[in-house]
Amino acid sequence: MSGQQAISRRKFLTNSVAATTAASLPITAMAQQGVHSRPIPGTNDYLPLVGSGSPDFFYTTPEGATNSAAAALVQTMYNAGGRMIDTPAFFRPNPPVLGQIIQDLGMQDDLFLMGKITVDGAEAAQRHLDLTISNLGRETIDVMMLHNLRDYENTWPVLERAKAEGRVRYIGISEATDRISNDVVEDFMLNHDIDFLMTSYSMFRPQVEERILPLAADQGVAVCAIEVFKTLDDGAYFSVTSGHELPEWAAEFDAHSWAQFALKYVLSHPAVTTSAIETSRPRNMIDNMGAALGRLPDAQTRSRMYAHFQSLS
Ligand SMILES: NC(=O)c1ccc[n+]([C@@H]2O[C@H](COP(=O)([O-])OP(=O)(O)OC[C@H]3O[C@@H](n4cnc5c(N)ncnc54)[C@H](OP(=O)(O)O)[C@@H]3O)[C@@H](O)[C@H]2O)c1
């Protein structure tokens, strides 16, 4: 599997220098310690618990800038033990720049890459799939998902065929906050053979714990959590925690920041395989990757975390 290939020592050392420059934090120690990973159910493919979402500069080079900040971010994730990126969908006029960035870094075959179909119609979906794979400089992609179940009667067969042809290793669906109901997701899961579910899951939106996550566990579906810090606004979680001290008992499960508190809540759910967390800052990337280290809260502590967060909101 491309995303699971061992890192060569030469690449690791080269990358370590670049990311140390980028963030001046003990990431080498972090990678050596080893971030926790979980298997995609029924396979020997292991994913680190934390991966990267797609900040704006993965889509477009900022005006008057180069792609160096985006490259530093990818490098930082890699050196901290991260291997997974939820790549930008093709919904803007220009192709995303991430593909070129990972090829310039020589990393495209070392990463576990996910993509999404965000168009209607079989032909457009096929074009979307082809563009996504070629933009990443690969022959295949690890995961391709249908976003918000768009036009699924016509677009899902495109994914099934691509999997049968070996161009996509895992297929699934993705959904963002309340764009489609849990009933629709559940119905789709019960009637289609999916490998992956990307779902909005956080202390703001724990409802997926009721039926969706147990169903994923029952069916052996891998789960990638997104929008861990979000309600309808990006980063809304931090406006709730702002000005509050992290409780001392967070140290009992090795959470050292509010970001790690939110992440460890989500990652400690047994049905969750990984997460795609969006940040544009290497420092925050390291913070987020840190949630994949150390202990995770048990069920009783998770209830305490949820109650504590509610008391702040
Ligand atoms: N939202 C959607 O519609 C949607 C749809 C499909 C897929 N996704 C996937 O989900 C990913 C997650 O995106 P999201 O929109 O749900 O956002 P999110 O990951 O819940 O939160 C992102 C926000 O949190 C901030 N942040 C990240 N780490 C932080 C830290 N350690 N400390 C403080 N602030 C931090 C970021 O700001 P900084 O940049 O300043 O760190 C950004 O404002 C997307 O990139 C994409 O891959 C999202």
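Me: What makes Trp258, Phe261, Lys264 and Tyr265 in H10 count as meeting H12?
Reply: In this predicted model, these residues meet Arg302, Met305, Tyr306, His308 and Leu312 in H12. Contact requires heavy atoms within 4.5 Å. By class, the residues of this contact divide into 6 nonpolar, 1 polar and 2 charged.

Me: Why are H10 and H12 called oblique to each other?
Reply: The axes of H10 (residues 258-267) and H12 (residues 299-312) cross at roughly 130°. Angles over 145 degrees count as roughly antiparallel and 65 to 115 as roughly perpendicular, while the rest, beyond the roughly parallel range, are oblique. The pair H10 and H12 is therefore oblique. Their axes come within 10 Å, and the crossing is left-handed.

Me: Why are H3 and H11 called roughly parallel?
Reply: The axes of H3 (residues 68-79) and H11 (residues 282-289) cross at roughly 25°. The limit for roughly parallel is under 35 degrees, and H3 and H11 are therefore placed in that class. The crossing of H3 and H11 is right-handed, and their axes come within 9 Å. On the H3 side the contact is made by Leu73, Thr76 and Met77, and on the H11 side by Pro282, Met285, Ile286 and Met289. This contact has 6 nonpolar residues, 1 polar residue and no charged residues.

Me: How do you know that the length of H3 agrees with its number of residues?
Reply: At 1.5 Å a residue, the 12 residues of H3 should span 16 Å. The end C-alpha atoms of H3 are 16 Å apart, so the two values agree.

Me: What makes H3 mostly covered?
Reply: Of its 12 residues, 9 are buried, and buried means under 20% relative accessible area. Among them are Leu73, Thr76 and Met77, which also take part in the contact with H11. H3 is followed by Gly81, which has a positive phi near 100°.

Me: Why is Gln108 called buried?
Reply: Its relative accessible area is 16%, and the cut-off is under 20%; Gln108 is therefore buried. Gln108 lies in the loop between H4 (98-104) and E5 (112-117). Beyond its neighbours within four places in sequence, its contacts include Leu113, Leu136 and Arg138.

Me: Why is Gly166 called partly exposed?
Reply: Gly166 has a relative accessible area of 40%, between the limits of 20% and 50%, and is therefore partly exposed. Gly166 is placed in the loop between H6 (152-164) and E7 (168-175). The C-alpha atoms of Gly166 and Asp142 are separated by 10.0 Å.

Terms used
Residues are numbered from 1 along each chain as its sequence is written. This is a predicted model: local features need pLDDT of at least 70, side-chain atom pairs count only at pLDDT 80 or more; totals for chains, interfaces and linings use all residues. Side-chain values use heavy atoms; hydrogens and water are left out. Axes are lines fitted to C-alpha atoms, for helices over the stretch in contact, and angles run from 0 to 180 degrees between N-to-C directions. Helices (H or I, at least four residues) and strands (E, at least two) are DSSP runs, numbered from the N terminus. A crossing is left-handed if the near helix is turned anticlockwise from the far one by less than a right angle, and right-handed if clockwise. Ala, Val, Leu, Ile, Met, Phe, Trp, Tyr, Cys and Pro count as nonpolar, Asp, Glu, Lys and Arg as charged, and the others, Gly among them, as polar. The expected span of a helix is 1.5 Å times one less than its number of residues. Buried means under 20% relative accessible area, exposed over 50%, partly exposed in between (1.4 Å probe, protein chains only).
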